[in-house]
Amino acid sequence: MLLAAVHETALLPQLESALPRRQDTPDVPQVPIRRAFQSPRSLLLTLLFLNAVGLHRLWDLRSYTGRELALLTGRSQPYSYRHTERFLLTLAAAHADEALTTALARWTSSLWCVEESSQETTALHCYLDGHRKAVYSEALIPRGLIGCAGKILGCRALTLLHDEHGHPLLATTHRGELHLTKGIPQVLTYYEQATEASPLSHLVVDREGMAADFLAELKQQGRTVTTILKTNQ
């Protein structure tokens with residue numbers, strides 16, 4: 001069902017079109033991706049379906065012995081950890097993150113028909129929130145409070161944008177100490193530029209967005225902001 005949904009919603013063509021070509025990466029020799037890797041589509045499917053087979057991070061491929069991931073990606077054997085890691089390293093060296101994020105924003109916008117909804121209703125509400133995800137690495141990265149663990153760990157900060165029905169529209173990754181009031185303007189600008197959509201004017205954020213300068217800036221942009229306070233706090 002998951003594989004059928006990927007093909008039905010045209011996710012793979014969107015992501016494949018964002019993969020860098022040789023002329024896009026003058027500082028990276030012997031790339032494009034399509035020549036460096038025989039089947040970038042299978043590698044993209046491997047990354048998409050890690051959670052579907054119970055793998056939570058790429059490192060888990062080192063001990064994975066199942067066949068489900070191979071079936072989902074159209075291979076006789078699943079890709080190894082090292083091969084998949086090399087694929088990600090090549091994407092990083094080619095600075096493909098911007099193009100892939102833009103492709104994701106366009107895909108979610110077309111999938112949930114955000115533009116049509118905004119034309120039908122005068123008050124399309126979008127929800128914004130932040131999340132910090134622990135990252136275990138030998139390299140020193142910014143540290144922050146991981147809510148579910150209650151510990152200060154090396155982390156990345158995510159800024160999440162959803163439509164009024166809870167459908168995810170975009171998620172951007174930042175340094176771990178980024179405050180939500182800094183991440184929200186960035187994700188809004190990124191999404192509106194990527195999709196060429198009209199400005200998202202009705203926003204709902206949690207209590208972390210209660211900052212005078214932040215609210216004043218959004219008001220100057222013609223946006224209406226609703227903040228949510230938890231009753232048990």
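Start by selecting helix 7 (residues 97-111) and helix 9 (residues 180-195): their axes come within 9 Å and cross at roughly 75°. Keep in mind as you look around that this is a predicted model. Angles of 65 to 115 degrees count as roughly perpendicular, so helix 7 is roughly perpendicular to helix 9.

Now show the side chains where these two helices touch. On helix 7, pick Glu 98, Thr 101, Thr 102, Ala 105, Arg 106, Thr 108 and Ser 109. On helix 9, the partners are Tyr 190, Tyr 191, Ala 194 and Thr 195. Colour them by class and you'll get 4 nonpolar, 5 polar and 2 charged residues in the contact of helix 7 with helix 9.

Next stop: another pair of helices. Select helix 4 (residues 40-48) together with helix 6 (residues 81-93). How far apart are their axes, and at what angle do they pack? The axes are 11 Å apart and the angle is about 100°. That angle makes helix 4 roughly perpendicular to helix 6.

To see who does the touching, highlight Pro 40, Leu 43, Leu 44, Thr 46 and Leu 47 on helix 4. Across from them, helix 6 brings His 83, Thr 84, Phe 87 and Leu 88. This contact of helix 4 with helix 6 has 6 nonpolar and 3 polar residues, with no charged ones.

Helix 2 and helix 4 pack at about 115°, with 11 Å between their axes, and their crossing is right-handed. Show Leu 11, Leu 12, Leu 15 and Glu 16 in helix 2, which meet Arg 41, Leu 44, Leu 45 and Leu 48 in helix 4. Here the classes come out as 6 nonpolar, no polar and 2 charged.

Go to the second largest pocket, which has a volume of about 400 Å³. Which residues lie nearest its centre? Select Asp 129, Gly 130, Asp 206, Arg 207 and Glu 208, and you've got them, out of 12 lining residues. Strand 1 (residues 125-134) gives the largest share of this pocket's lining, 4 residues. By class, the lining of the second largest pocket has 3 nonpolar, 3 polar and 6 charged residues.

Last stop: the cavities. How many of 30 Å³ or more does the structure hold? There are 3, and the largest cavity has a volume of about 60 Å³. Find the largest cavity by selecting its lining: Gly 130, His 131, Arg 132, Ala 157, Leu 158, Thr 159, Leu 178, His 179, Leu 180 and Glu 208. Strand 1 and strand 3 (151-162) each supply at least two residues of that lining. Split by class, the lining of the largest cavity is 4 nonpolar, 4 polar and 2 charged.

Note on methods: Residues are numbered from 1 along each chain as its sequence is written. This is a predicted model: local features need pLDDT of at least 70, side-chain atom pairs count only at pLDDT 80 or more; totals for chains, interfaces and linings use all residues. Side-chain values use heavy atoms; hydrogens and water are left out. Axes are lines fitted to C-alpha atoms, for helices over the stretch in contact, and angles run from 0 to 180 degrees between N-to-C directions. Angles under 35 degrees count as roughly parallel, over 145 as roughly antiparallel, 65 to 115 as roughly perpendicular and the rest as oblique. Contact means heavy atoms within 4.5 Å. Ala, Val, Leu, Ile, Met, Phe, Trp, Tyr, Cys and Pro count as nonpolar, Asp, Glu, Lys and Arg as charged, and the others, Gly among them, as polar. On a 1 Å grid over the protein atoms alone, a cavity is a set of points where a 1.4 Å probe fits but cannot get out, and a pocket is an open set with protein on both sides within 12 Å along at least five of seven lines; lining residues have an atom within 4 Å of a point. Grid points are joined across faces, edges and corners, and a volume is the space filled by probe spheres set on the points. A crossing is left-handed if the near helix is turned anticlockwise from the far one by less than a right angle, and right-handed if clockwise.
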